[in-house]
Amino acid sequence: KKNLPVLFVIFGGSGDLAHRKLYPALFNLFRKGALQENFAVVGTARRPWSDDYFQETVQQAIVENVNAVDRDLVDQFSRHFFYQSHDVTDENHYIELNNKIEQLESQFKTQGNRTFYLAMSPQFFGTISQHLKAQNLVTDTGYNRLVVEKPFGHDLESAKVLNQQIGDSFAEKDVYRIDHYLGKQMIQNIMYLRLTNPLFDSIWDSEHIQNVQVTLAESLGVENRGGYYETAGALRDMVQNHIFQIASQVAMKKPVSLTSTDIHQAKQEVLNSIQMYDADDVNRFFVRGQYAGNDSENSYREEEQVSPESTVETFVAGKLLFKAGPLQNVPFYIRTGKKLAQKTTRVDLVLKSSHDLFEQNQDNVISIEIDPENKLTVTLNGKQLSQTDLSSLQMKFAYTKDEVAQIPDAYEKLFYDFLIGDRTNFVHWHEVKTTWDFIDRIEKTWQEDAQPPFAYQNGSMGPNEVSRIFEGTTDSWVFKG
Ligand code: BG6
């Protein structure tokens, strides 16, 4: 669709996320024509910037983060940006903001469509959405949408409070909770692959699949986000959202149709069925770790804004079991961490062996690589050339470099989706609720536990104790690092 009329208010307009991800995403949509003359952006933050200065920072964001840009187009784009210094707790500032919005709405003819984007500390999400309603920034003309960045709460309780506050001002259908993993092409591809190929569709069940492995490994450490990370840890930062979103797409039953409602229905059903753990289960099925540094690299505790005694986990591995859906009772082994062997985001489905005719037998594995490559690999058994032994064969499909270069960034994809009102790739409240419920039980057990996370070597795949999650099985990781 072309020239979608909209006025954005970006709270946190001077921030890092806006600079690195949001402005580049908007620029790409502008370049492709989804946004044209009828769009305007008001960036807000506390500091007193002029429109001119703000436009310069937007131009800089594009030049730094987007390849091969045409300077004239960047200038033209930046003229859609305006700045309002704003204290999120001050009522009068919302009134001033509304005046500015109204003026820009008539200047850019945005048809009353308003999108409020919260790209700042989540502690203000509730306050902002309440003021938007109270000071009448949520109107009856056009649409009024709220886009919120993660984290959505810190635990179930805080997520509920937040949801209530947002719900007082915006209907659930107008709330777009971002999980940028849902904008990744290979994650979206999971559904296409599993639902449209008899080859996969017919084995996507507990009779054929031995286990599923979800790996979100990063080679970077916490970088300059130590302050935030101290309040989160790997479990809240990556498992509650990204890992559960991926796992539920793998584990859900076939949706009745491809509408957002039916897909979310299927996801919710499987999430509702997750086996909740008591303290014993947590100790058996979850392992946490913290990177220990080496001669040339910091340990987590040496990072900026991190307590020297921190017991926050930078790695977590665990086992999930869903009690419904085609993969009921199939172990889902999950892991994520910082400072691991390499950046890799992947899902491996290990198939059960179907015969006992040959002595050796490799598992059949379907591997979906999401990052840094966009690749599908199926590991099969076949005949070794000139011999009678079995050997392992790999069938690979990878998008070409050129194709990958054309892939829109996850943010661009998600921006387009909320501009056209498609909620498929956004997180619904019930998903947030169920996943926090699960996570809270683990956090609680860990808090009561005197033992800190296990140390692991930078550049490894986590602490040795991880193998504990395979207890009672012959399973092991497909990706060994
Ligand atoms: C974010 C986490 O949600 O995802 C970060 O807060 C993490 O800690 C990032 O680094 C990873 O995203 P990606 O797209 O690089 O895999």
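A residue counts as buried under 20% relative accessible area, as exposed over 50%, and as partly exposed in between, with a 1.4 Å probe and protein chains only. Asp87 is buried because its relative accessibility is 19%. The model is predicted, so local features need pLDDT of at least 70 and side-chain atom pairs count only at pLDDT 80 or more, while totals for chains, interfaces and linings use all residues. Residues are numbered from 1 along each chain as its sequence is written, and side-chain values use heavy atoms, with hydrogens and water left out.

Asp87 sits in the loop between β3 (81-85) and α4 (91-108); helices (H or I, at least four residues) and strands (E, at least two) are DSSP runs numbered from the N terminus.

An unreviewed UniProt entry gives the feature "binding site" at Arg46, Asp87, Val88 and Lys150. Such annotations may be inferred rather than shown by experiment.

The residues around the ligand are Lys150, His180, Tyr181, Lys184, Glu218, Arg225, Asp237, Met238, His242, Lys338 and Lys343, where near means a heavy atom within 4 Å. By class, this shell has seven charged, two polar and two nonpolar residues. Charged covers Asp, Glu, Lys and Arg; nonpolar covers Ala, Val, Leu, Ile, Met, Phe, Trp, Tyr, Cys and Pro; the others, Gly among them, are polar.

Polar contacts are pairs of N or O atoms within 3.5 Å.

| Residue | Distance to a ligand oxygen atom |
|---|---|
| His180 | 2.8 Å |
| Glu218 | 2.6 Å |
| Asp237 | 2.6 Å |

Taken alone, the ligand exposes 400 Å², and the protein buries 79% of that, by the Shrake-Rupley method with a 1.4 Å probe.

Terms used. Polar contact = N/O pair within 3.5 Å; in protein donor to acceptor, adjacent residues only side chain to side chain.
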